[in-house]
Amino acid sequence: MDFLGGFRVGSQMGGGENGFCTLMDYVGKGGENVGDDLVVLFGHLQYACKRIAALVASPFNSSLSKSTGIAGGSGGSISGRDAPKPLDIVSNEIILSSLQNSGKVAVFASEEDDAPVWIADDGPFVVVTDPLDGSRNIDASIPTGTIFGIYNRLEELDHLPVEEKAMLNSLQSGAKLIAAGYVLYSSATILCASFGSGTHAFTLDHSTGDFILTHPSIKIPPRGQIYSVNDARYFDWPEGLRRYIDTVRQGKGKYPKKYSARYICSLVADFHRTLMYGGVAMNPRDHLRLVYEANPLSFLWSKLGVEVLMEKVEFYQFSRSSCIKDFRCFWGVWMIWQS
Ligand SMILES: O=P(O)(O)OC[C@H]1O[C@](O)(COP(=O)(O)O)[C@@H](O)[C@@H]1O
C-alpha cells in the first residue's frame, strides 16, 4: 500500500472501501485540484465510460446493435474500415449526452461525427474523443478503449458563427490540451489520464463503481523488450524503420536482447501495455486521426517525458472544405531511442 497526498492508493486487488483514493477524490480539492469545472466534467465523463464498459461486456451486445437498426447510422454512406459500427455510435451517444448534462462543455468533437457539435455557449471546455477505438475487434472480445482530450474554449472566437467556432475550437494544437487520457475496456477497466503533471491510472472497482487510483505518477520502464507495430506492412515502411525493427528483433541494438512482438491492433490496449512494460509502439501509416487519437495520446506521453514522433502533421492546416476526420498522421512513440 502506498500513500499519495494523504490518500491511500489502492491496488487492483484492493477494494474500494473508505480510504482509497478515487478519481473524484484525486481531481478534487483534496488531490490535484484541477478546478471545480473540470471536476464536474470528469464526473460525467467517468460515468459515460462506466456505461460503455458495461455495454462492451454485455451479452446483449450484438442483439442490441441489430435490433436498434443503427448499424448504418449517420455513416450509412461511408464504406470499408471507416464505416461506423453500431457500438461506436451508441458509445458516442452515451458520451455526448453525459457531456451535455455536465453543463461544462461548449464543443464536442467526435471521430464518429463529420463535424463538431456546439453544445453550450458558456461551457468552458472543448472535448475531442474517439468514443470506442478498436471496435472492429469487438466481436472477438478483444480490448477496446475510449480516447479523450480536453481544451479550454477559445473565448476570442465566441463572436463567430457556430459552425466555424466549433471547428476552430476543435482544431487547437495538441500542445494546448489541458487534460487527456483514455479508458481501456479489458480484463480491468482502466482510466488513465494526465491533468498536466504526471500520468495516473485508475482502475474501476465494480463493487463500488469507483475508479481507484492504482498507478500514480506512472514511470515507463527505462528499457522495454517489446515492439508493437503492424508488421504485415513491413514492406511499406521506410528503410530506416525496417532496419530498426530488424536490429531489435535480433538483439543487436544497444539492449542486447531479442525483442518480442506484441500487436493487438487496438490502439488503447497497445498503448497501455507499452506504458506498463516499456518498449516501442507505433503506427507508421497515414491512418490515425490527429485530433482524436494522436494528439491526446501524445499529450500523455509528453507528461512522461517520452519522445513522440509525429509526421505528416501538415494535414493539420485548417481548411474550411476539409473534414476534420481527414486530419491524419503517421504516429510513433519512442520510449527509448536505441537503433
Ligand atoms: O491497420 P493498422 O495500421 O494496424 O491500424 C490499427 C489501428 O487502427 C485502429 O483500429 C484505429 O482505427 P480507426 O480509428 O479507423 O478505428 C487502432 O485501434 C489500431 O491501433
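**Figure 1. Contacts across the sequence in the whole chain.** Among the contacts between residues at least 6 apart in sequence, 63% join residues at least 24 apart. The model shown here is predicted, and its chain has 8 helices and 15 strands. Of the 339 residues of the chain, 44% count as buried.

Figure 2. The domain assignment of the chain gives domain 1, residues 34-186, and domain 2, residues 226-334. To the contact between these two, domain 1 contributes 29 residues and domain 2 contributes 22 residues. On the side of domain 1 that touches domain 2, at least two residues are supplied by each of strand E5 (125-133), strand E6 (144-152), helix H5 (162-170) and strand E7 (179-185). E6 gives the most to this side, with 5 residues. By residue class, the side of domain 1 that touches domain 2 divides into 15 nonpolar, 10 polar and 4 charged residues.

**Figure 3. The shell around the ligand.** The ligand has 12 residues around it, of which Asp133, Gly134, Asn230, Leu267 and Arg285 come nearest. The residues of the shell divide into 2 nonpolar, 5 polar and 5 charged. Domain 1 (34-186) and domain 2 (226-334) each provide at least three residues of the shell around the ligand.

**Figure 4. Helix H7 and the residue that follows.** Because 9 of the 11 residues of H7 are buried, this helix is largely enclosed by the rest of the structure. The buried residues are Leu267, Val268, Ala269, Asp270, Phe271, His272, Arg273, Thr274 and Leu275. After H7 comes Gly278, whose phi is positive, near 80 degrees.

Figure 5. At least three residues of the core are drawn from each of domain 1 (34-186) and domain 2 (226-334). When neighbours within four places in sequence are left aside, Val105 is in contact with Leu41, Leu99, Ile119, Ala120, Gly123, Phe125 and Val127.

Figure 6. Leu204 lies in strand E9, which spans residues 200-205. Leu204 counts as buried because 25 other C-beta atoms lie within 10 Å, the threshold for burial being 20 or more. Beyond its neighbours within four places in sequence, Leu204 is in contact with Lys50, Ala53, Ala188, Thr189 and Phe211. Leu204 and Ala53 are 151 residues apart in sequence, and their C-alpha atoms are 9.6 Å apart in space.

How values were computed. Residues are numbered from 1 along each chain as its sequence is written. This is a predicted model: local features need pLDDT of at least 70, side-chain atom pairs count only at pLDDT 80 or more; totals for chains, interfaces and linings use all residues. A residue is near a molecule or strand if its C-beta atom, placed from the backbone, lies within 6 Å of it. Ala, Val, Leu, Ile, Met, Phe, Trp, Tyr, Cys and Pro count as nonpolar, Asp, Glu, Lys and Arg as charged, and the others, Gly among them, as polar. Domain bounds come from an automatic or database domain assignment. Two residues are in contact if their C-beta atoms, placed from the backbone, lie within 7 Å. A residue is buried if 20 or more other C-beta atoms lie within 10 Å of its own, exposed if 12 or fewer, and partly exposed in between; C-beta atoms are placed from the backbone. Helices (H or I, at least four residues) and strands (E, at least two) are DSSP runs, numbered from the N terminus.
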